[in-house]
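Please open the model in a viewer and keep the sequence at hand.

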Amino acid sequence: MSGKAYCLKENGELVWSTKIGEGNASFHVALDGDRFFASNRALFCLDKNNGKILWKNNDDGEKANSTFAIKGDKIYHASLGGALRCVDKTNGKCVWSHNEGLFASSCTILDERIFARTPQTNVDFRKKSVGDEKYHALSVQNNANSGINSSENLSDANLQTFKTPPQFAGGNVLLVCERDRFLFFDAQSGRLIKEYRANGVLYRAPVFASGALYIGDESGKMSRYEIDENYQMREKFSFQASGAISTNAALCDDKLYFGTEAGLVYCLDAQSGEEYFRQKSLGVARDILPGENIVILSDKGQLECYCG
């Protein structure tokens, strides 16, 4: 509950810490050149080298649980119960805001459009230049004949909330995960292209690398799929771990790292799924930063570093 942003060396030595409000800050952060962005009832821009606050935008004063999207001199972000905002990253001034009460939890950019995931409308399409609506929503009906419609044509009772932020699967195709399904959409029209069943319930975001998709599920399976030019998915391996998968897949030097709710961190061969090792962590891993050393961020505020 410190409300601080931290910068550490790889050996754990503190470089700087900066107060950015009261209580827990959002765990979503972004690094862009020499600037570090974070939020805690306001959007903060810090100098990454010394932690100095360069500017602060507290236009709506709401908590946030949204990823950042950055393009050019603009940063896009949303707050819980606030609006989707476009902010000039050089001075912190709001360029435009859209739809108070949006509760958006992700921002993704493709060309001149921004995609925001919301509980009410699942995936919204906006023109990023001015924030105008491009399309209303992608929504999956809760019945055997799943289809894609504008949210204006569906009752709330028929909507299934997408579990992961929108990801781009190459070309102009958007991938989202809805419970135990992979859904590929045409990002221009919102048309459903392909739908596949996963091995289990999906709560982690898919990770793409070299034409393959890596994702873990609630049953403890970490899987690799290969996707061809027609968006056909073929499972290459599925590794059964102990406990539900608690992190996104993290890839480095042909190795695959991930954590589980059992407090374990695994390292696999990213091509074959062969296990190299597993390591007990101090807490449940939520993020893994692999490299020469492996940095683990856990749910209790611990930061761990292991030799790669």
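Select K255 and Y276: the charged end of K255 sits over the ring of Y276, 5.7 Å from its centre. A charge is taken to sit over a ring if NZ of Lys or CZ of Arg is within 6 Å of the ring centre and within 35 degrees of the ring normal. This is a predicted model, in which local features need pLDDT of at least 70 and side-chain atom pairs count only at pLDDT 80 or more, while totals for chains, interfaces and linings use all residues. Residues are numbered from 1 along each chain as its sequence is written, and side-chain values use heavy atoms, with hydrogens and water left out.

Next, select D254. Its phi is near 65 degrees, a positive value in a residue other than glycine. D254 lies in the loop between β25 (250-252) and β26 (255-259); helices (H or I, at least four residues) and strands (E, at least two) are DSSP runs, numbered from the N terminus. With a relative accessibility of 41%, D254 counts as partly exposed. Here buried means under 20% relative accessible area, exposed over 50%, and partly exposed in between (1.4 Å probe, protein chains only).

R41 also deserves a selection: this residue has a positive phi of about 60 degrees although it is not a glycine. The loop that holds R41 runs between β4 (35-39) and β5 (43-47). R41 counts as partly exposed, at 43% relative accessibility.

Move to strands β19 (residues 181-186) and β20 (residues 192-197), which run antiparallel and are joined by five bridges. Two strands pair if DSSP finds at least two bridges between them. Within this pairing, L183 has E195 of β20 as its bridge partner. The hairpin of β19 and β20 has five residues between the strands, and G190 there takes a positive phi near 85 degrees.

Now display the aromatic rings. Rings of Phe, Tyr and Trp (its six-membered ring) pair if their centres lie within 6.5 Å; planes under 30 degrees apart count as stacked, over 60 as edge-to-face and the rest as tilted. By this rule the count comes to nine aromatic pairs. One of them is F184 with Y196, an edge-to-face pair at 6.2 Å centre to centre and 90 degrees between the planes. F184 lies in strand β19 and Y196 in strand β20, so the pair ties together parts that are twelve residues apart in sequence. Both F184 and Y196 are buried.

For a stacked pair, select F258 and Y266, with 5.1 Å centre to centre and 10 degrees between the planes. Both F258 and Y266 are buried.

Which order do the strands take in the open sheet of three? The order is β29-β30-β31, and the pairing is antiparallel. β29 (285-289) and β31 (303-307) stand at the edges, each with a single partner strand, so one side of each is left without a neighbour in the sheet. Strand β30 (residues 293-298) pairs with β31 over five bridges. Select L297 to find it opposite L303 in β31.

Finish with the cysteines. A search of the whole structure finds zero disulfides, a disulfide being a pair of cysteine sulfur atoms within 2.5 Å. For C86, the nearest cysteine sulfur is that of C94, 7.2 Å away. C86 counts as buried at 1% relative accessibility. C45 is buried, with a relative accessible area of 0%.
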